[in-house]
Amino acid sequence: DSSGDLLAHTHRTGTGTLRDLLSELHGRLATMNDGSVATYIPELAKMDADLFAITIVGIDGRVLEVGDAAQLFSLQSMSKPFVFGQALEDHGREHVLGKVNVEPTGEAFNSILLDEQTNRPFNPLVNAGAIATADLIDGRDFPERLTRLLKIFERYTGRTVHFDNSMFYSERATGHRNRAIAHLMRNFGMISDRIDETLDLYFQQCSIQVNCRDLAVMGATLANAGVNPITGEQAIRAEYVKDVLSIMFTCGMYDSAGSWAYGIGLPAKSGVSGGIIAVVPGQFGIGVFSPRIDARGNSARGVAVCRELSQRYGLHVF
Ligand code: DON
């Protein structure tokens, strides 16, 4: 059956309940201490390295979670696919794709490279592309743009969200490279003149506070044709869900996007705070949080959790 009933799914595969597996995985991987907490932004360096949570939310709204699932942390790059989705809704595909391409880079997330022929950033999930899509968040003035930005995430999480002011200032104070990228894009006419506002929006979206359950609900919303399975609210028009998932599949895991797609085979997005959102279309969303990140910027335990779930349940989309 393809009813999206993940508990039925685990029965069918005869591997015990998913809840048991999550507890077992959490207990086992909690002793894996590969990677380390990101330190390039002072506020990020303050995170407790040992935090660890796994949450699964089905498209029927069922929630399974283990570990520190209510612990707040910053959304970071996990915000990027959702802002891309909003840009598509606000401006349509043609306009958005004129400002940002959809090619994986094989480069680091903060690459300053733009496409040589068109001067577009390579995709919406590297910083350059994310700044270009943040520029597309419209509003009469800055407060309205910020309100609209936060509303995106309120629809996906189903609750009121805030950004962490200390994280925002820490991002902003150390964000010279992002500023350089924005000015380079302004030079090529890829973003508007409101550079400082757009950078602030970008730093704010990175600083939005979420917990592991939020990650899974966001993923489940994408798994459920854009409808939040807890609130029933349409977070993004169904027609754009495939745009967002395609970008996550090809570009979501930084410069290990290829090996992730090959080995784990799920659309996903990671952030330097140690979160991963993975989507099993038509079935459920997975959230993992563990701040120890590997050399590529992905949560080491998070990758391990997703790999085991994918292999155990045959979740690879192909
Ligand atoms: O320095 C930045 O732009 C980051 N705060 C971006 C966040 C992130 O997760 C980086 N990787 N995708």
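How many Å separate the centres of domain 1 and domain 2, taken over C-alpha atoms? In this predicted model, the separation is 22 Å. The chain is divided into domain 1, built from residues 6–74 together with 210–313, and domain 2, spanning 77–207. Mean pLDDT over the chain is 94. A value of 70 or more is reached by 95% of the residues. For the complex, the predictor gives an ipTM of 0.90 and a pTM of 0.95.

The contact between the domains was examined next. On one side, 35 residues of domain 1 take part; these are in contact with 30 residues of domain 2. Several elements of domain 1 give two or more residues to the side that touches domain 2. They are α3 (42–45), α10, α11 (238–251), β5 and β6. Helix α11 supplies the largest share, with 7 residues. By residue class, this side of domain 1 divides into 18 nonpolar, 10 polar and 7 charged residues.

The surrounding residues are Q76, S77, F109, N127, E171, N178, C206, G271, V272 and G297. Of the residues in this shell, 3 are nonpolar, 6 are polar and 1 is charged.

The strand arrangement was then traced. An open sheet is formed by 5 strands, with antiparallel pairing and the order β2-β1-β7-β6-β5. Its edge strands are β2 (63–67) and β5 (268–270), each of which pairs on one side only. From one strand to the next, the twist averages 10 degrees. Helix α10, residues 212–223, packs on the sheet. This helix touches β1 (53–58), β2, β6 and β7. The direction of α10 makes about 155 degrees with that of β7.

Strands β1 and β2 pair in the antiparallel sense over 5 bridges. Within this pair, V57 stands opposite V63 in β2. The hairpin of β1 and β2 has 4 residues between the strands. In this hairpin, G61 takes a positive phi near 90 degrees. The other pair joins β6 (residues 275–280) to β7 (residues 284–289), antiparallel over 6 bridges. Here A278 has I286 in β7 as its bridge partner.

How values were computed:
Residues are numbered from 1 along each chain as its sequence is written. This is a predicted model: local features need pLDDT of at least 70, side-chain atom pairs count only at pLDDT 80 or more; totals for chains, interfaces and linings use all residues. Two strands pair if DSSP finds at least two bridges between them. Axes are lines fitted to C-alpha atoms, for helices over the stretch in contact, and angles run from 0 to 180 degrees between N-to-C directions. Two residues are in contact if their C-beta atoms, placed from the backbone, lie within 7 Å. A residue is near a molecule or strand if its C-beta atom, placed from the backbone, lies within 6 Å of it. Ala, Val, Leu, Ile, Met, Phe, Trp, Tyr, Cys and Pro count as nonpolar, Asp, Glu, Lys and Arg as charged, and the others, Gly among them, as polar. pLDDT is the predictor's confidence in each residue, from 0 to 100. Domain bounds come from an automatic or database domain assignment.
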